[in-house]
Amino acid sequence: MVDIVSESLSRILNDLDQAGVKLIAISKTKPVSAILEGYEKGHKVFGENRVQELVQKQQQLPDDIEWHMVGHLQTNKVKLIAPFINYIHSVDSLKLLKAINQEASKNDRIINCLLQIYIAEEATKYGLSFEEANSLLLTSEFKALHNIKIVGLMGMATFTDNSDQIRREFHALKEFYDKLGQTEFKDNPEFKELSMGMSGDYKIAIEEGSTMVRIGSLIFGERN
Ligand SMILES: *Cc1c(COP(=O)(O)O)cnc(C)c1O
């Protein structure tokens, strides 16, 4: 495993720096030693998709890592990550947002959240439709939450070789993001992140306006 992580990391970071895009290194299923290898090269932003694994790794690793939760999150597990999580990309209901707000408040924190928007053709992906996201943002219940900050949107394109389709899906998300930026978030400069792009499609995502890419296998190698 020696240096593989840091080599691929440098290569990707080079691409991204030029585009001004932030890299979330998705370390799910990979050992703490692989994360440390990236950390020692100076990369401190990592993401996981399962609460249990995230908590275990966080406890074993340096405190100055910025942790991103990118996988589906159950309301009853929010309390486990609320003390330390920096960004939650997978907010897909008002119920979850309220749970995050409550746990953030208990920890005297404000947690950065992205609304996960459903843009793929697959029936298996989580997320809100554009309409659902719109209505959520208009509720008085949402407006009463002060320990969460909506900093942007996240979306996953269909898993396909059809790059036109991937581009179309990312494009639709960017349009929706821009529209929200001109309406609900007009006076909110902290709404500025568009989390889209993974190992297979991050270049298209960047061309379509992504500000954060979530890359796993391209850095850490294939998962079993
Ligand atoms: C696993 C995962 C990624 C990274 O996937 P790769 O194809 O390995 O880059 C990105 N986002 C989410 C939500 C994931 O679960």
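Reply: The account below begins with the ligand and then turns to helices, loops and cores. The model is a predicted one, in which local features need pLDDT of at least 70, side-chain atom pairs count only at pLDDT 80 or more, and totals for chains, interfaces and linings use all residues. Residues are numbered from 1 along each chain as its sequence is written, and side-chain values use heavy atoms, with hydrogens and water left out.

The shell of the ligand consists of I26, K28, V70, M156, M198, S199, R214, I215, G216, S217 and R223; a residue is counted as near the ligand if one of its heavy atoms lies within 4 Å of it. By class, this shell holds 5 nonpolar, 3 polar and 3 charged residues. Here Ala, Val, Leu, Ile, Met, Phe, Trp, Tyr, Cys and Pro count as nonpolar, Asp, Glu, Lys and Arg as charged, and the others, Gly among them, as polar. For K28, a side-chain N or O atom is 2.7 Å from a ligand oxygen. For S199, a polar side-chain atom lies 2.5 Å from an oxygen atom of the ligand. For R223, the distance from a side-chain N or O atom to a ligand oxygen is 2.7 Å. On its own the ligand has 390 Å² of accessible area, of which the protein covers 90%; such areas come from the Shrake-Rupley method with a 1.4 Å probe.

The loop between β1 (22-26) and α2 contains T29. Helices (H or I, at least four residues) and strands (E, at least two) are DSSP runs, numbered from the N terminus. T29 has a positive phi, near 70°, although it is a residue other than glycine. Most residues other than glycine have a negative phi. T29 is exposed, at 52% relative accessible area, where exposed means over 50%, buried under 20% and partly exposed in between (1.4 Å probe, protein chains only).

Helix α2 spans residues 32-40, and its buried residues are V32, A34, I35, E37, G38 and Y39. These buried residues pack against α1 (4-19), β2 (45-48), α3 (51-60), β3 (66-69) and α10 (217-220), contact being heavy atoms within 4.5 Å. After α2 comes G42, with a positive phi near 105°. S6, in helix α1, touches E37 and K41 when residues up to four places away in sequence are not counted. S6 is buried, with a relative accessible area of 4%. Between S6 and T160 there are 154 residues of separation in sequence and 28 Å in space, C-alpha to C-alpha.

Helix α3 has V51, E53, L54, V55, K57 and Q58 as its buried residues. They pack against α2, β2, β3 and α4 (78-81). K77 belongs to the loop between β3 and α4 and is partly exposed, at 29% relative accessibility. K77 and Q52 are 25 residues apart in sequence, with a C-alpha to C-alpha distance of 8.9 Å.

Helix α5 includes E103, which is buried at a relative accessible area of 12%. Leaving aside neighbours within four places in sequence, E103 is in contact with V78, K79 and A82. E103 and K79 are 24 residues apart in sequence and 5.6 Å apart in space, C-alpha to C-alpha. The loop between α5 (94-106) and β5 (111-118) holds D108, which has a positive phi of about 55° without being a glycine. D108 counts as exposed, at 71% relative accessibility.

The nonpolar cores complete the picture. A nonpolar core is a set of buried Ala, Val, Leu, Ile, Met, Phe, Trp, Tyr and Cys residues joined through side-chain atoms within 4.5 Å. The largest has 65 residues, of which I81, I100 and L153 touch the most other members. I100 is in contact with L73, V78, I88, V91, I111, C113 and I148, its neighbours within four places in sequence being left aside. Another core, apart from that one, has 9 residues, including V45, L114, M154 and M212.

How values were computed:
A polar contact is a pair of N or O atoms within 3.5 Å; within protein, one must be able to donate a hydrogen and the other to accept it, and residues adjacent in sequence count only if both atoms are side-chain atoms.
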